[in-house]
Amino acid sequence: MLDLNSLNLWGVLAAAAVGYALGGLWFSPKAFGKLWAKSLGKAPEQMGSPAVAMGVMAFAIMLSTIALALVFQMAGIDTLASGLQAGALVGIGFVFPIMLSDAVFPGHLKTWWWITATYRVVCLLVIGGILGATAPERPVTKLQNAIESAGDSVKNSLEDLGKTLK
């Protein structure tokens, strides 16, 4: 069951902020921004208001980060490793091919697609890692950890007892 109250709000906000910042860097003139705009056949002044684009991007990243956090919650993803794996799976398995089919039909240039699609995959990988690392521990995981800890304690006690009896 989806439970917005059990999401780590700070983790979601951090993941969205990092994804947003990554987009700002990725599409900056010093990175891929000029090449990306050129691939669209537009000069920077023809791209429209950067404030509107950045506002829409912030909203879209926040919405997708919340949705991904909820999917992670349903799937029980609550570690950095599982978050990275799931983020990569979503990016490579869903977003990358969807963007490919979107790019092929209107005839977008390969450069535009590679820059945009690669950003999306990297962004999901990073967001997934942050969400996984900051996700609240599931009750099942807590129980497993407690059992492992108890087992380790019993093992250590038995080893100490064995050393004492020798």
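1. Basis. The model is predicted, and local features need pLDDT of at least 70, side-chain atom pairs count only at pLDDT 80 or more, and totals for chains, interfaces and linings use all residues. Residues are numbered from 1 along each chain as its sequence is written, and side-chain values use heavy atoms, with hydrogens and water left out.

2. Confidence. The protein chain has a mean pLDDT of 86, pLDDT being the predictor's confidence in each residue, from 0 to 100. Of its residues, 92% reach 70 or more. Helix α1 (residues 9-26) has the highest confidence, at 95, and helix α6 (residues 139-165) the lowest, at a mean of 73. Helices here are DSSP runs (H or I, at least four residues), numbered from the N terminus.

3. Helices α1 and α3. The axes of α1 and helix α3 (residues 50-75) come within 9 Å and cross at roughly 140 degrees. Axes are lines fitted to C-alpha atoms, for helices over the stretch in contact, and angles run from 0 to 180 degrees between N-to-C directions. The two helices are therefore oblique to each other; angles under 35 degrees count as roughly parallel, over 145 as roughly antiparallel, 65 to 115 as roughly perpendicular and the rest as oblique. The crossing of α1 past α3 is right-handed, that is, the near helix is turned clockwise from the far one by less than a right angle. Residues in contact (heavy atoms within 4.5 Å) include G19, Y20, G23 and G24 of α1 and M54, M57, A58 and I61 of α3.

4. Helices α1 and α5. The axes of α1 and helix α5 (residues 110-134) also come within 9 Å, and cross at roughly 155 degrees. That makes α1 roughly antiparallel to α5. This crossing, too, is right-handed. On the α1 side the contact includes G11, V18, L22 and W26, and on the α5 side I115, Y119, V122 and I130.

5. Aromatic pairs. Which rings count as paired? Rings of Phe, Tyr and Trp (its six-membered ring) pair if their centres lie within 6.5 Å; planes under 30 degrees apart count as stacked, over 60 as edge-to-face and the rest as tilted. By this rule the count comes to seven aromatic pairs. The W26 and F32 rings have centres 5.1 Å apart and planes at 40 degrees, so this pair is tilted. W26 is buried, at a relative accessible area of 14%, while F32 is partly exposed, at 34%. Buried means under 20% relative accessible area, exposed over 50%, partly exposed in between (1.4 Å probe, protein chains only). W113 and W114 make an edge-to-face pair, 4.7 Å centre to centre with 75 degrees between the planes. Here W113 is buried at 7% and W114 partly exposed at 48%.

6. Ring cluster. Ring pairs join W26, F27, F32, W36 and Y119 into a cluster.

7. V122. This residue lies in helix α5 and is partly exposed at 26% relative accessibility. Leaving aside neighbours within four places in sequence, V122 is in contact with L22 and W26.

8. D78. Is D78 buried or exposed? D78 counts as buried, at 14% relative accessibility, and sits in the loop between α3 and α4 (80-104). The C-alpha atoms of D78 and L125, 47 residues apart along the chain, are separated by 14 Å.
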